[in-house]
Amino acid sequence: MSNPKNTVLTAAAELFGEKDPSAVDRWVSTDYTQHSALAGDGPEALRQLVAGLPGDFRYEGARVLADRDLVVLHGTYFGFGPAPLVGFDIFRVDGDGKLAEHWDALTPVVTDTASGRTQTDGPADVTEVEKTEANRALVAEFAEKVLVGADYSVLTDYISTETYRQHNPEAADGLDGFGTAAATWAEQGKNLVYKNVHKVIAEGEFVLLQSEGEFGVPVAYYDLFRVAEGKIVEHWDVIAPVPADLPHGNGLF
């Protein structure tokens with residue numbers, strides 16, 4: 001395949017759609033670096049994971065973003081456990097067109113959400129490629145000032161006061177909905193603390209932040225934003241606890 005997005009979509013279809021362990025030989029680099037908590041390092045660990053997938057395992061994709069050599073998949077996994085899991089996957093594709101590195105975060109599907117929206121529905125198509133860099137800069141600055149800097153006085157410089165569609169299952173739409181949820185989380189000892197933003201991945205109107213911080217416990221934050229007319233208007237996320245032990249030495253980030 002000639003581009004990273006096609007490479008990842010084809011590889012994922014064969015690995016997780018067809019559940020074909022031999023796809024590792026076709027699509028995965030010999031020095032594949034794993035950051036997921038679900039598998040060990042290297043191509044053989046991925047082969048074992050695919051070979052062990054249950055018969056009812058399936059993946060429903062919601063959206064795909066590509067930014068240079070990085071490709072983001074956002075969707076729902078069925079069959080990993082008793083409950084479906086919403087996940088973000090990030091793949092790095094090397095110059096040979098092989099999957100070279102992988103990061104992910106998963107969280108259970110919640111059917112009764114505060115906004116009435118699901119964790120994955122909403123716009124999916126990239127339609128404003130020409131605005132990629134402007135949107136990347138906007139969300140990166142928002143992350144620096146508001147998420148890491150905790151300066152909420154400038155929140156409306158970045159988030160629309162008219163439209164803010166929320167897909168976090170515990171937050172209703174709008175800035176008021178987010179404020180109410182944040183207050184409830186604080187009462188539960190789960191303040192939103194962002195310590196470091198590791199990746200800002202953008203394509204068109206969509207920008208994904210991969211960050212680490214605390215939410216009562218150490219967590220990985222994956223926040224996907226949609227930008228329209230210079231303001232953030234929609235948000236999807238996964239907040240995943242950082243496990244005490246990983247099956248490799250690469251860390252989650």
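View 1. K145 is partly exposed, with a relative accessible area of 39%. Here buried means under 20% relative accessible area, exposed means over 50%, and partly exposed lies in between (1.4 Å probe, protein chains only). E141 is partly exposed too, at 35%. The side chains of E141 and K145 meet in a salt bridge, with 3.9 Å from N to O. A salt bridge is counted when a side-chain nitrogen of Lys or Arg lies within 4 Å of a carboxyl oxygen of Asp or Glu. Both residues belong to helix α4 and sit 4 residues apart, about one turn of the helix. Helices (H or I, at least four residues) and strands (E, at least two) are DSSP runs, numbered from the N terminus.

A word on what you are looking at: this is a predicted model, in which local features need pLDDT of at least 70 and side-chain atom pairs count only at pLDDT 80 or more, while totals for chains, interfaces and linings use all residues. Residues are numbered from 1 along each chain as its sequence is written, and side-chain values use heavy atoms, leaving out hydrogens and water.

**View 2. R136 meets D67.** What is the N to O distance in the salt bridge between R136 and D67? It is 2.7 Å. R136 lies in helix α4 (residues 132–148) and D67 in strand β2, so this pair ties together parts that are 69 residues apart in sequence. R136 counts as buried at 13% relative accessibility, and D67 counts as buried at 8%. D67 and R136 are also linked with R68 and E133 in a network of salt bridges.

**View 3. R26 meets E14.** The side chains of R26 and E14 form a salt bridge of 2.9 Å, N to O. R26 lies in helix α2 (residues 23–27) and E14 in helix α1 (residues 4–17), so the pair ties together parts 12 residues apart in sequence.

**View 4. The open sheet.** Its 5 strands follow the order β1-β5-β4-β3-β2, with mixed pairing. β1 (28–34) and β2 (58–67) stand at the edges, each with a single partner strand, so one side of each is left without a neighbour in the sheet. Two strands pair if DSSP finds at least two bridges between them. β1 runs parallel to β5 (residues 99–108), and 3 bridges join them. Look for V28, which stands opposite L99 in β5.
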